[in-house]
Amino acid sequence: MKIQTRLRLCSISCILLRSFCITTFFSVILLPLSFFGAFSDIGNLIENPKFWGISIGITVLTETILFWIGIILVYLIAKQLGLR
């Protein structure tokens, strides 16, 4: 694999992992606020538990996908890890 391709894939994985950090930060702050009705349009956890279950599921699934794709790309591309 060419060095340019390897660097491009490492750059993509870094973008994915940074996105994971940023979205996790906002999720940790905004979801608990929303649970208790800080955003009155949505309703709190007690008023609308199905909505919150789906929201948490989608958030966890999205964060998991971002994290693991980024980590797998780094492991497959980086020569320093000794996998290639």
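**View 1. Helix 1 and its bend.** Helix 1 bends by about 25 degrees at serine 27, the bend being the angle between axes fitted to the seven residues ending there and the seven starting there. This is a predicted model, in which local features need pLDDT of at least 70, side-chain atom pairs count only at pLDDT 80 or more, and totals for chains, interfaces and linings use all residues. Residues are numbered from 1 along each chain as its sequence is written, and side-chain values use heavy atoms, leaving out hydrogens and water. Helices are DSSP runs (H or I, at least four residues), numbered from the N terminus. Helix 1 covers residues 3-35, and its 33 residues should span 48 Å at 1.5 Å a residue; the end C-alpha atoms lie 47 Å apart, which agrees. The expected span is 1.5 Å times one less than the number of residues. After helix 1 comes glycine 37, with a positive phi near 85 degrees.

**View 2. The buried residues of helix 1.** Look here for Arg6, Ser13, Leu17, Ser27, Leu31, Ser34 and Phe35, the buried residues of helix 1. Buried means under 20% relative accessible area, exposed over 50%, and partly exposed in between (1.4 Å probe, protein chains only). Their cover includes helix 2 (49-77).

**View 3. Helix 2.** The 29 residues of helix 2 reach 42 Å from first C-alpha to last, close to the 42 Å expected at 1.5 Å a residue. Buried residues here include Trp52, Glu63 and Gly70. Helix 1 is part of what covers the buried residues of helix 2.

**View 4. Leucine 33.** This leucine 33 is found in helix 1 and is partly exposed, with a relative accessible area of 43%.

Notes. Helices (H or I, at least four residues) and strands (E, at least two) are DSSP runs, numbered from the N terminus. Contact means heavy atoms within 4.5 Å.
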